[in-house]
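These are my notebook entries on one protein chain. I set down what I looked up, topic by topic.

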Amino acid sequence: MKNAETIRAREARELARREKQLQAKNNRFYMLYLFMVLSLIYIIDEIASTISIQFQSNIINEFFVQNMGLEYGEGLSLSSALGFITYPVTLLIVFYRPLADRFGRKPFLVINTLMMGMGLFLVYLSRNIFVYMVGGTLMGFMVSHDMQCVYILECSSEKNRARNYALTKAVAILGTLLIPLLRATLMKNQSERWHLVYLVPAILGFVLSLAALLFAKETNTFVVNRVKYLKTPVEEREKQTREEKNNNAQGGILNAVKFAFRHRQLRFLMLACCFFYSASLATATYNTVMKESALMTEEAITLALYLYPVGNALMTFIAGLVSDRFGRKITIIAMSCSAVVCYSLFIASSMLNWMPALTGFAIGGFMGSYWGAGDTIGGIMFSESSPTNLRSSVTVINTLLNGIIGGLATVVTIVLLPLLPKETFGYMYLGLTIPGLIGAIIIIWRYVGETRGLDLKKVTGAEWDKERRTK
């Protein structure tokens, strides 16, 4: 009895706070500066996601070749193996991310941005592999939450959701031009100075976390759903059936998994993700292909990285336009085919010593195409197929599948890399990419329903379930 009274009192206080948030009027420029803040945070997210990839050869050469005396292929293989040590930390996502369905989106937008900055700062300070792994693990854990993406989807209209998502991400990708700029200025294209490039985005991460704290408000979609839940008396919630309780659960990975497996749409989206993420290895190894396979110089790589964000942003924006105009399924097919073409061009341009600018544009086009399809499957369609009270929790499943399937694919390369000549690395990654994309396309086209234009406040997840046949 006392426990029930405590719950009622706590929820009454929260209800009053949430209703006040709901009634508060936004400044007419609020959406403009909200999306500006989200875009800047997305820049830090993109930098934290890609910076270690773009310095992969520098990192391997310093920590494994120079410090341990290994061959490059052996060092890359060992680096991949050490990555598995961080998996237990990464699995904490199953407890952390669902909290956004209970406590709101804003606290985690602030915390994630702050911690991304901290991870970048630790890598800047690192002079051994252990400190580097701590910083890299912290960055990897935080970028996997993509809370700015949840904000964009929940603050956009049904007609322009994918366009706003793609436009914001495209701006963020162009913001990663900061990396080649810092390579040319702070690093001065000297391999041993690569640590310095991490310092500036680290400082920006600290500043933007403060900006999010001061200027971002909770999403209206979350507040509306939370108020509805809090207005339901505790006694009435207790009388609900098990299925009703699961559907109305306020987050939680177990609730999300149960929900996903009960509904056809999410089951097949999970299966499509398994195929899609088996093709992800090429997204994390292009620096090695340029430096070790094609023997490009640091200056040539820097020039290529100036065009990398351009190709990436262009294909990302195109994916958003296609998605809102022709649907999510067409986007996934088109972007997957584009990814294969762009990566083939990247291999040809780098190995045949064509213009570094073309090499950078091609690999950027591959990344924009691949993640344009990936964001549509695991970001947009997962979100659009889930109710608000479980949306953040359900997307954890996508993140876990990315880590698990990507980890299994990494095992393959751990075996292959020491056995293959460095010149063949690019061809190996291309060969591992195509089957996964084909599998994902088949599942999406045949078994997954279209989600374009849905009202996120009304989605139940059961829209695509087959009706039971009645005799």
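Predicted model: local features only at pLDDT ≥ 70, side-chain atom pairs only at ≥ 80, totals over all residues.

I began with the term contact, which means heavy atoms within 4.5 Å. Residues are numbered from 1 along each chain as its sequence is written, and side-chain values use heavy atoms, with hydrogens and water left out.

Entry 1, the whole chain.
I found 24 helices and zero strands in the chain. I then looked up the radius of gyration, taken over C-alpha atoms, and the globule rule, which is 2.2 Å times the number of residues to the power 0.38. The radius of gyration is 23 Å, close to the 23 Å that the rule gives for 471 residues, so the chain is as compact as a globular protein of that length. The C-alpha trace spans about 70 × 55 × 40 Å along its principal axes. Among contacts with a separation of 6 or more, 82% join residues 24 or more positions apart.

I took buried as under 20% relative accessible area, exposed as over 50%, and partly exposed as in between (1.4 Å probe, protein chains only). Buried residues make up 54% of the 471 residues. Why is helix α3 (residues 56-66) described as largely enclosed by the rest of the structure? Nine of its 11 residues are buried, so α3 is described in that way. Among the buried residues of α3 are N58, I59, E62 and F63. The buried residues of α3 pack against α2, α4 (72-82), α9 (129-143), α12 (178-185), α19 (286-293) and α20.

A nonpolar core is a set of buried Ala, Val, Leu, Ile, Met, Phe, Trp, Tyr and Cys residues joined through side-chain atoms within 4.5 Å. The largest one has 119 residues, and F55, W194 and Y198 are among those with the most contacts inside it. Helix α2 (residues 30-54) gives the most to this core, with 13 residues. Leaving out residues up to four places away in sequence, W194 touches F55, N58, I59, E62, F63, V123, S126, Y132 and M187.

I looked up T219, in the loop between α13 (199-215) and α14 (220-231). Is T219 buried or exposed? T219 counts as buried, at 1% relative accessibility. Its contacts, leaving aside neighbours within four places in sequence, are R105, Y151, E154 and C155.
K188, in the loop between α12 and α13, is exposed, with a relative accessible area of 52%. Its phi is near 55°, a positive value in a residue other than glycine.
N353 lies in the loop between α21 (328-351) and α22 and counts as exposed at 59% relative accessibility. N353 is not a glycine, yet its phi is positive, about 60°.

G73 lies in helix α4 and counts as buried at 11% relative accessibility. G73 and M367 are 294 residues apart in sequence and 23 Å apart in space, C-alpha to C-alpha.

Conventions: Helix = DSSP H or I, 4+ residues; strand = E, 2+ residues; numbered from the N terminus.
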